[in-house]
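Hi everyone, thanks for making time for this one.

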Amino acid sequence: MKAWKWFEGSRVGRSVFRVGIPRSNLERAQAMVSSFLLHVQPAKVNRRTLRPATTLGLGLISLYLLGILTVTGILLMFYYVPATDRAYDAMKDLQYVVSAGLVIRNMHRWAAHLMVLFVMLHLCRVFYTGAYKRPREFNWLVGIALFLLTLGLSFTGYLLPWDQLAFWAITVGANIAAYAPVVGPELKFLILGGNSVGQEALIRFYTLHVIVLPALMAFMVSVHLWRVRKDGGLARPEEGADRLERIDVEHLPTNKSYGLMELTRSTSLQVGKNPEDEVFSWPHLVFREMLLLLAVIAVVLFLAVFWNAPLEEVANAIHPPNPAKAPWYFLGLQELVSYSAFWGGVVAPAVLVTALVMLPYLDRQAVGAGRWFARERRLANTVFTIFLIIAVVLTVIGSVFRGPNWGWVKPWAQPPAVTEGH
Ligand code: HEM
């Protein structure tokens, strides 16, 4: 602490941290505004933002998992080689030779699974609190792009270990893409760089996984967080859009001068705010966020230390496991495909994504935003819940109730050993 105080007061310290540790309200506000990392948040936030029940921290957890994935991913890149004759050996080296390689790989793998899960949970939270309504329609769309990017990142990463699990999961996934009408086979060819999974697919997946998709993700996450701020912070029940429509520039308090930005619709959201409901982001919000970050790192580390990421035999194109299963988040889709490739593999996901995209423009009623399971939104919540239950049931069936040749199995009646194909 003494050393920090000395550093803070030194010439170098003052050039880096203009404010230092804030001690007055003015400095608390300045700390938020003058820091690159903190300035994305306002100097003051509504008390509701601090309550865990408001967001359950799901968006933030997704963001932290993305951070963990970036750091561990870069470390993995020091060893990994995207070549079919070297990739699997690199995984083995990471497991047995490289210092902490196993834990880093495990962290990357578990954080990736958790990120898919938490992004889905975050989407559900936003839905159930009606937070996609005006003026947050666009941020909902950005969110959907983030959801698809998350799936894309996870899917492209799946191939890289070049083991049986990787090879056949991607083969199944690419075959689903081939069912798309008209362009299906071309789409599969584009994804794999050939007709089957091989070196071309590996280098494509690698490039997408470490450059293209992360760059898009970084850009879209920045837009997403910027919009949360510009849309007036988190959705609040008292900011019904009908009330917004009626905010009249003529009736703004005159003891304050307003800039152009403040008069735009997004900042007019601030007008309805009651100063008594506001607290300084530093330390209230920032400390909670830091605590959550430590908790997320601790959980991922715990999982990584006690459970190893799977690594099966090296990929073998002539020995398909039976059944060959897609990654868990596509198992519901694979189950649907087993009934009808076209309806299950193409129509169902296309309808789902289109419905999600159109949602904020169809459900335009302002009431019920910012409140969990608002009564006024009973119909929307029921429909969404039914779809959610169907998705979960299909995923559970695909994960544990399907065995060789995609036939029914009772998981409690036989060991879940994967039998080799003929
Ligand atoms: C990489 C994935 C994502 C990250 C890192 C992320 C991050 C965040 C964060 C940090 C917030 C602030 C509040 C909170 O913690 O919940 C937020 C809010 C929001 N997110 Fe996301 N998000 C992601 C994906 C999504 C998805 C998939 C959707 C929906 C399709 C979505 C829609 C929204 C909306 C509408 C808000 C504003 C909510 C409100 O005002 O209450 N986000 N996001």
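Let's begin with Trp-162, which sits in the loop between H9 and H10. Its phi is positive, about 55°, although Trp-162 is not a glycine. Is this residue buried or exposed? With a relative accessible area of 7%, Trp-162 is buried. Please keep in mind as we go that this is a predicted model.

Now move along to the loop between H10 and helix H11 (184–192), where you will find Val-182. Here again we have a positive phi, about 60°, in a residue that is not a glycine.

While we're on the backbone, let me point out two cis peptide bonds. One runs from Arg-134 to Pro-135, with omega near 10°. Pro-135 belongs to the loop between H8 and helix H9 (137–159). The other runs from Trp-282 to Pro-283, with omega near 5°, and Pro-283 is placed in helix H15, residues 281–306.

Let me step back to the whole chain for a moment. We have 18 helices and four strands in the protein chain. It has 422 residues, and 43% of them count as buried. If you take the contacts with a separation of 6 or more, 77% come from residues 24 or more positions apart.

On to the metal, then. Which residues coordinate the iron atom of the ligand? They are His-122 and His-224, each through NE2, at 2.0 to 2.1 Å. The iron site has six donor atoms, with angles of 87 to 179° among them, and its geometry is octahedral. For reference, the ideal angles for six octahedral donors are 90 or 180 degrees. His-122 comes from helix H8 (residues 101–128) and His-224 from helix H12 (residues 199–230), so the pair ties together parts that are 102 residues apart in sequence. Both of these histidines, His-122 and His-224, are buried.

At 35% relative accessibility, Arg-229 counts as partly exposed. What does Arg-229 touch, leaving aside its neighbours within four places in sequence? It is in contact with His-39, Val-40, Gln-41 and Pro-42. Take Gln-41 as one of these: Arg-229 and Gln-41 are 188 residues apart in sequence, while their C-alpha atoms are 6.6 Å apart in space.

My last stop is a helix pair. Helix H16 (residues 331–339) packs with helix H18 (residues 378–400) at an angle of about 85°, and their axes are 7 Å apart. Angles of 65 to 115 degrees count as roughly perpendicular, and H16 and H18 are therefore roughly perpendicular to each other. From H16, the contact uses Leu-331, Gly-332, Glu-335 and Leu-336, and from H18 it uses Leu-394, Thr-395, Ile-397, Gly-398 and Ser-399. By type, the residues of this contact divide into four nonpolar, four polar and one charged.

And which residues of H16 are buried? Leu-331, Gly-332, Gln-334, Glu-335 and Val-337 are. These buried residues pack against helix H10 (164–177), helix H17 (341–362) and H18.

That's my tour, so over to you for discussion.

Terms used. Residues are numbered from 1 along each chain as its sequence is written. This is a predicted model: local features need pLDDT of at least 70, side-chain atom pairs count only at pLDDT 80 or more; totals for chains, interfaces and linings use all residues. Side-chain values use heavy atoms; hydrogens and water are left out. Axes are lines fitted to C-alpha atoms, for helices over the stretch in contact, and angles run from 0 to 180 degrees between N-to-C directions. Helices (H or I, at least four residues) and strands (E, at least two) are DSSP runs, numbered from the N terminus. Angles under 35 degrees count as roughly parallel, over 145 as roughly antiparallel, 65 to 115 as roughly perpendicular and the rest as oblique. Contact means heavy atoms within 4.5 Å. Ala, Val, Leu, Ile, Met, Phe, Trp, Tyr, Cys and Pro count as nonpolar, Asp, Glu, Lys and Arg as charged, and the others, Gly among them, as polar. Donors are N, O and S atoms within 2.8 Å of the metal (3.2 Å for Na, K and Ca); water is not among the atoms, so sites may look incomplete. Four donors count as tetrahedral if all angles lie between 85 and 135 degrees; four count as square planar and six as octahedral if opposite donors are over 155 degrees apart and all others between 65 and 115; anything else is irregular. Buried means under 20% relative accessible area, exposed over 50%, partly exposed in between (1.4 Å probe, protein chains only).
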